[in-house]
Structure formats: C-alpha cells, structure tokens
Amino acid sequence: MLAHEIRAQVARKALSPKEVAQAYLERIALLDPGIGAYLTLNERLLEEAEALDPALPLAGVLVAVKDNIVTKGLRTTAGSRLLEGFIPPYEATAVARLKARGALVLGKTNLDEFGMGSSTEHSAFFPTKNPFDPQRVPGGSSGGSAAAVAADLAPVALGSDTGGSVRQPAAFCGVYGLKPTYGRVSRYGLIAYASSLDQIGPLARSVKDLALLMDAVVGEDPWDATSLDLPPRFQKALEEPLPPLRLGVVREGLAGNSPGVERALEEAIRVFEGLGLQVREVSWPALPLALNAYYILAPAEASSNLARYDGTLYGARVASEDLEEMVERTRALFGLEVKRRILVGTFVLSSGYYEAYYARAQAFRHRLKAEARALFQEVDLLLLPTAPHPAFPLESRPDPLALYREDLYTVGANLTGLPALSFPAGFEGGLPVGLQLLAPWGGDEGLLRVALAFEEATARAHLKAPLGEAL
C-alpha cells in the first residue's frame with residue numbers, strides 16, 4: 001500500500017502499526033540482499049510500533065532515511081568509513097517532526113559517501129542496485145532511498161539533494177522525488193556536503209505521499225538559520241482545482257537525450273496541453289554552464305565542511321603517537337571520490353585561484369538566478385528531463401567527468417534554490433524515465449498539484465519494480 005493508504009487503514013484500526021512494521025521487515029529480509037538499499041535497520045522498530053498511539057496523524061507510516069541524516073541512537077555513517085560506528089546523540093529536525101506525528105524510522109539507506117556521486121557506487125560499504133534491473137545503478141547519491149521506495153521496501157523515504165541527488169535516483173527508479181525550495185525543510189541534522197546547496201527532500205510512489213511527508217517536515221527551525229517560515233499546505237493544495245498555468249519547455253534540455261527521454265517529453269507535453277496548460281518553448285541560456293559552476297562551488301564548500309573529520313572530534317581515529325600522522329592516516333579513510341572533491345575544493349579556494357575560479361562561479365550563480373527570475377515572468381513552471389537517459393550499467397562510468405555529466409539538468413535548481421520535482425514519465429527498454437518540473441521560489445505546493453494532475457491523467461498512481469527471478 002501507499003503511505004496515505006497505510007495511514008487510513010491504521011486510523012480505522014484495520015491494521016496495527018506493528019503489523020505494518022512486521023510486513024516490511026519480512027519483505028526487506030527477502031528482497032534487500034539482492035538490492036542493497038539499507039545500511040542499518042531499526043532494531044527497535046517492532047517495540048516502537050507496539051507502543052505507538054494509532055491516533056497520531058502519521059501512525060503506521062514507515063520512513064526509510066538516507067544515512068547522512070542523523071537519527072538519535074541509530075547508526076549514521078554517511079556511507080563513509082569515517083563514521084562507520086557513529087551513533088548520533090541528537091535527531092535531525094525533519095526526522096524528529098515525522099516521529100512526533102507517529103511515523104517510524106524503518107532504517108538507514110545507502111548512499112554515495114557523504115552524498116558525493118550519482119550512482120550509489122561510491123558508498124564505502126557496497127553499491128546499491130536498481131530494482132528494475134540489478135545490473136544497473138539506482139542513481140545517486142540517494143540511491144538507497146530511491147531503490148527502497150521503488151521495490152516497496154519502504155512506503156516513503158527521505159533523501160538529500162545537493163545537485164540532483166533526490167531527483168536523479170527518483171527518475172532512474174521510477175518514483176517521485178522532490179527537492180524543495182532551499183530552506184523549506186530544515187537542514188539541522190543533515191551531514192553537510194555543500195551547505196548552500198544541500199536540501200532534504202522526500203521520495204515516494206505517489207504525489208499524495210509526497211504531500212503527506214512535506215506537511216510534516218517543513219517549517220521554520222530555530223536550529224537552522226536558513227529555514228523558511230512558510231506554512232505547510234501541501235495536502236490542501238492537492239484538493240484545489242488545477243489553475244490555468246503557463247508551462248515553459250526548456251530548450252536547453254531538448255538536445256542530446258536518449259530516444260525514450262525524447263518520447264517521454266513529447267508525451268508529457270501532450271498530456272499537459274490536454275490538462276489545459278499553455279505550453280511554449282523557452283530558453284535558459286546559462287543552464288548548460290551550470291554544471292561547471294556547480295563542480296567549483298560544491299567541492300569548495302565540501303573541502304571546508306569535511307575538514308572536521310580529522311580524528312580529533314568524533315568518528316574514526318587511526319591511532320598514532322604523532323598528531324599530524326594521526327590526522328593524515330584518519331583522513332586517508334575517505335574514499336577516492338571524496339578525496340577528489342576535497343582536493344578540487346581546496347584548489348579553487350587557494351590563494352591565486354580564488355578569483356579565477358570560486359569568485360567567477362559565484363558571479364555565474366547570480367546570473368543563473370537572474371535568468372530564472374526572468375523566465376518565471378514569462379511562464380509559471382519549467383519542464384525538462386531529470387536525466388538525459390535511463391539508468392546506466394554498474395561500473396560503466398569509470399571516468400569521473402562522465403559521472404559528473406549525469407547532473408547536467410539537475411544542478412540548476414540547487415544553484416538557484418528553486419523547488420524541483422522529478423516524476424515518472426515512461427519507460428525505455430523496460431527502465432523508468434523521469435522528467436522534472438521547476439517552480440518559482442516557494443512554489444513547492446504548485447509542483448505537486450500539477451504532478452498529481454499528470455499522475456491521474458496517465459494512470460501512474462505508483463510504479464512498482466518487476467521484482468522477480470533476478471533477485
């Protein structure tokens with residue numbers, strides 16, 4: 001069942017939270033060995049479910065949480081050997097708000113180490129596989145969360161999106177993934193990669209489930225100075241009539257895509273026109289250069305954020321009598337991709353290169369935002385692919401630059417802080433294809449309302465992976 005269906009069954013006492021929890025634990029035991037979505041399961045889940053008040057608004061809803069979002073008393077590794085044994089003494093605000101409403105944390109999902117990757121092959125522990133084809137990646141870095149939802153190993157999940165890390169795996173796994181407006185969801189308790197870009201977002205198999213989670217987690221947080229005081233009205237927005245809207249198809253997202261993505265775009269345009277939207281082609285000239293700026297700014301922030309992992313505060317420590325050697329040996333535990341991004345970030349921030357790289361990338365970011373503001377004077381929403389192709393085979397992107405290009409269409413929303421929603425839009429060769437909608441700042445609810453209309457028009461209430469003999 002979907003999350004909102006589970007909630008309704010528990011509210012009617014047709015199901016108990018413990019029965020829901022037991023069913024998911026059994027399904028995970030059966031199927032997750034072939035997928036690798038989870039790093040840690042909540043060993044206290046049945047006990048917590050039995051003690052839960054079924055009258056709570058989210059009672060019975062189980063949530064898989066990406067393992068870079070801290071959970072009090074439940075191991076949180078960020079997919080890294082540096083935090084392999086870390087048990088947080090505090091709770092992320094998003095998780096605390098869900099639990100206060102009766103939701104239960106099912107477990108912690110796999111990810112590219114510290115969120116750095118687009119395939120979930122860069123976890124320090126093991127790669128996650130795509131439920132539609134275990135020989136292919138689920139996307140990243142929230143690949144564990146996307147795979148868990150797609151395979152119905154969790155009804156809903158939380159991920160984090162720094163450059164597309166919720167949306168791209170959502171597209172590869174045939175589920176919905178929302179990157180909210182920057183600040184709409186508190187980042188308190190999210191292990192930082194690039195603080196001006198990071199945002200927690202939900203993944204689900206239906207728009208109604210996205211709305212259910214968003215109404216629970218959004219809102220101002222005194223622990224996060226960047227959080228926004230915008231009242232939640234996601235479920236209410238889904239009940240309202242679809243307003244007349246202008247949809248801009250981004251020209252820069254129309255070239256270089258696979259045949260399945262092109263077909264999905266063409267079909268989606270027809271559906272949106274049938275729903276009464278005015279569709280026109282628009283240009284976002286700076287978008288093709290956004291990837292270059294992102295891979296300057298994100299590593300720069302990462303080099304600063306990851307400086308704390310030196311063996312002196314918390315996490316792993318490789319013993320040595322010499323302080324410098326201890327720090328060096330401890331930081332050697334970082335994976336190759338994390339080391340690569342730290343080095344790039346340190347370089348672009350160094351004396352003599354700051355103005356040539358970092359300052360120019362920040363200036364470009366202002367240009368990208370200005371162009372987005374101008375576009376939203378012409379149209380109400382933007383449409384473009386989430387990724388230029390479906391999920392690619394495991395171990396098929398040994399070149400780091402080829403992997404970075406996977407984020408071509410997604411980094412623009414992070415650099416501008418705009419909300420973006422990836423939605424299932426078809427298949428290519430049996431693999432899901434996703435498209436994304438972008439809205440103006442704070443327009444998150446409108447994204448979900450349009451996505452629901454598309455979902456209902458195409459009868460894609462939820463997609464399930466054909467889990468069979470391959471697993």
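Okay, let's start with rings: those of Phe, Tyr and Trp (for Trp, the six-membered one) count as a pair if their centres lie within 6.5 Å, and the planes make a pair stacked under 30 degrees apart, edge-to-face over 60, and tilted for the rest. With that, Phe-86, Phe-114, Tyr-309, Tyr-314 and Phe-334 are linked by ring pairs into a cluster.

Some ground rules. This is a predicted model, so to speak of local features we need pLDDT of at least 70, side-chain atom pairs count only at pLDDT 80 or more, and totals for chains, interfaces and linings use all residues. Residues are numbered from 1 along each chain as its sequence is written, and side-chain values use heavy atoms, with hydrogens and water left out.

Back to the rings. The count comes to 18 aromatic pairs. One of them is Phe-272 with Phe-454, a tilted pair, 5.2 Å centre to centre with 35° between the planes. Phe-272 is in helix 9 (residues 259-274) and Phe-454 in helix 16 (residues 444-458), so this pair ties together parts 182 residues apart in sequence. By the way, helices (H or I, at least four residues) and strands (E, at least two) are DSSP runs, numbered from the N terminus.

Tyr-295 sits in helix 10 (residues 290-305) and Tyr-404 in helix 14 (residues 400-404), so here the parts tied together are 109 residues apart in sequence. Both tyrosines are buried.

Rings meet charges as well. A charge sits over a ring if NZ of Lys or CZ of Arg is within 6 Å of the ring centre and within 35 degrees of the ring normal. Arg-75 does that over Phe-125, 5.8 Å from the centre, and Arg-397 over Phe-392, at 4.2 Å.

Last stop, strand 9 (residues 381-385), where 5 of its 5 residues are buried. Strands pair if DSSP finds at least two bridges between them. Strand 9 runs parallel to strand 7 (residues 246-250), with 3 bridges, and antiparallel to strand 11 (residues 431-438), with 4 bridges. What are the bridge partners of Leu-383? Val-249 is one, and Leu-437 in strand 11 is another.

Technical notes: Buried < 20%, exposed > 50% of the residue type's maximum accessible area, 1.4 Å probe, protein only.
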